[in-house]
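Please walk through this structure with the sequence at hand. The tour takes rings, charges, backbone and surface in turn.

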Amino acid sequence: MHTPQTLAPHAAPLTRIAVAALTGLALAGNATAQSAPPASSIPSSQWGLGIGVGVFQSPYLGADNKTRALPLINYENSWLRVAGTSADVKLGNWPVGASSSIALAARLKYEPTGYEAGDAPILTGMDERKGSFWAGGTATWLNPIARATAEWTADASSNSKGQKVSLQLDRRFGFGKLGVTPRVEAQWLDKKYVDYYFGVKANEAVPIIRPQYIGKAATVMEVGVRLDYSLQAQQTVFLDVSATQLPDEIKLSPIVGRSSLSRATVGYLYRF
């Protein structure tokens with residue numbers, strides 16, 4: 001599953017994009033997971049290593065785009081799946097009719113969203129916003145038409161104290177060694193999340209330049225596509241690109257300088 005990532009840069013490890021899912025290591029990790037074989041063909045355990053390079057836009061006014069190398073780590077067995085910064089404990093998989101099934105999983109993931117005051121001039125004097133561990137669960141409906149994945153997570157680090165709910169639809173089309181997977185995702189962010197990453201507190205406000213801003217709950221839409229190509233049985237290269245449309249609740253913040261975001265990741269994975 002792709003994870004929108006989430007919008008916001010952090011100078012230390014990576015530039016972050018809030019929402020949408022796919023941000024830095026999480027994006028790369030999910031891209032490798034999506035190109036994995038179906039659950040029915042997974043052996044007792046499987047793991048892979050690789051590297052990716054990602055280019056990410058920041059939503060913050062005056063912040064530069066970032067290009068970063070991303071390590072790819074992928075592991076899966078009958079009860080655990082690890083992809084990038086996300087880990088799932090598989091709770092069960094039940095058939096629904098003759099050709100579909102529903103799978104439930106508990107999820108823990110780290111999202112390096114956040115920023116430091118030095119990331120952009122508009123953020124000078126702002127308190128640091130930190131990345132967090134997010135805990136929750138997923139429900140995935142696999143059917144002949146598409147894969148539908150619903151996810152709920154809450155901020156387990158209690159930085160934003162927020163919650164997120166997402167629904168993603170995707171389907172992989174195979175053309176020999178080439179796979180094409182278009183996707184669309186809607187992600188709801190509660191007001192605590194939006195206020196933490198895009199709000200301006202009273203003590204951070206600067207007249208005219210950066211007035212106080214209180215965040216409200218928002219829904220972010222993302223579309224993307226992933227291309228994967230099998231060089232050999234154990235070697236895969238991929239390209240993942242996406243575009244995210246920001247709602248008024250985010251783009252009207254005085255520290256936000258974009259109405260949409262784009263990102264791209266290219267990588268290589270070797271499965272053992």
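**Aromatic pairs**

A search of the whole structure finds eight aromatic pairs. One of them is edge-to-face because the ring centres of tyrosine 60 and tyrosine 115 are 5.0 Å apart and their planes meet at 70°. This pair links distant parts of the chain, 55 residues apart. Tyrosine 60 sits in the loop between strand 3 (45-56) and strand 4 (66-77). Tyrosine 115 sits in the loop between strand 7 (101-111) and strand 8 (132-142). Keep in mind that the model is predicted.

Are these two tyrosines buried or exposed? Tyrosine 60 has a relative accessibility of 2%, so it counts as buried. Tyrosine 115 is at 0%, so it also counts as buried.

Tyrosine 196 and tyrosine 197 form another edge-to-face pair. Their centres are 4.8 Å apart, with 85° between the planes. Buried means under 20% relative accessible area. Tyrosine 196, at 17%, therefore counts as buried. Tyrosine 197 is buried too, with a relative accessible area of 0%. Both rings belong to a cluster: ring pairs link Trp134, Tyr193, Tyr196 and Tyr197.

Which residue places its charged end over the ring of tyrosine 196? Arginine 129 does, 5.7 Å from the ring centre. Over the ring of tryptophan 134 sits the charged end of lysine 164, 4.4 Å from the centre.

**Salt bridges and a polar contact**

Side chains of opposite charge can pair when their charged atoms come close. How many salt bridges does a search of the whole structure find? It finds 18.

Start with aspartate 88 and arginine 81. Their side chains meet in a salt bridge, 3.2 Å from N to O. Aspartate 88 is at 2% relative accessibility, so it counts as buried. Arginine 81 is at 27%, so it counts as partly exposed.

Next comes arginine 183, which forms a salt bridge with aspartate 240. The closest N and O atoms are 2.8 Å apart. Arginine 183 lies in strand 12 (residues 178-189) and aspartate 240 in strand 14, so the bridge ties together parts that are 57 residues apart in sequence. Arginine 183 and aspartate 240 are both buried.

Aspartate 228 and arginine 226 make a further salt bridge, 3.6 Å from N to O. Both of these residues are buried. Which residues do salt bridges with shared partners join into one network? They are Glu76, Arg81, Asp88, Lys90, Arg107, Lys109, Glu111, Glu151 and Lys164.

The side chains of threonine 244 and glutamate 222 are joined by a polar contact of 3.2 Å. Threonine 244 is at 4% relative accessibility, so it counts as buried.

**Positive phi in two loops**

Now look at the backbone. Serine 158 is not a glycine, yet it has a positive phi of about 60°. It is found in the loop between strand 9 (147-155) and strand 10 (163-170). Serine 158 has a relative accessible area of 41%, so it is partly exposed.

Isoleucine 208 also has a positive phi, near 70°, in a residue other than glycine. Its place is in the loop between helix 2 (191-198) and strand 13 (218-232). Is isoleucine 208 buried or exposed? Its relative accessible area is 83%, so it is exposed.

**A nonpolar patch**

A nonpolar patch of about 790 Å² is made by Val53, Phe173, Phe175, Leu178, Leu227, Tyr229, Leu231, Leu239, Val241 and Val266. Which elements give two or more residues to the nonpolar patch? They are strand 11 (173-175), strand 13 and strand 14. Strand 13 provides the largest share, three residues.

Tyrosine 229 is found in strand 13 and is one of the patch residues. Its relative accessibility is 38%, so it counts as partly exposed.

Terms used
Residues are numbered from 1 along each chain as its sequence is written. This is a predicted model: local features need pLDDT of at least 70, side-chain atom pairs count only at pLDDT 80 or more; totals for chains, interfaces and linings use all residues. Side-chain values use heavy atoms; hydrogens and water are left out. Buried means under 20% relative accessible area, exposed over 50%, partly exposed in between (1.4 Å probe, protein chains only). A polar contact is a pair of N or O atoms within 3.5 Å; within protein, one must be able to donate a hydrogen and the other to accept it, and residues adjacent in sequence count only if both atoms are side-chain atoms. Rings of Phe, Tyr and Trp (its six-membered ring) pair if their centres lie within 6.5 Å; planes under 30 degrees apart count as stacked, over 60 as edge-to-face and the rest as tilted. Helices (H or I, at least four residues) and strands (E, at least two) are DSSP runs, numbered from the N terminus. A charge sits over a ring if NZ of Lys or CZ of Arg is within 6 Å of the ring centre and within 35 degrees of the ring normal. Patches are made of residues with over 30% relative accessible area and no salt bridge: like charges are joined within 9 Å, nonpolar side chains (Val, Leu, Ile, Met, Phe, Trp, Tyr) within 5 Å. Accessible areas come from the Shrake-Rupley method with a 1.4 Å probe; for residues, only the protein chains shown count as cover. A salt bridge is a side-chain nitrogen of Lys or Arg within 4 Å of a carboxyl oxygen of Asp or Glu.
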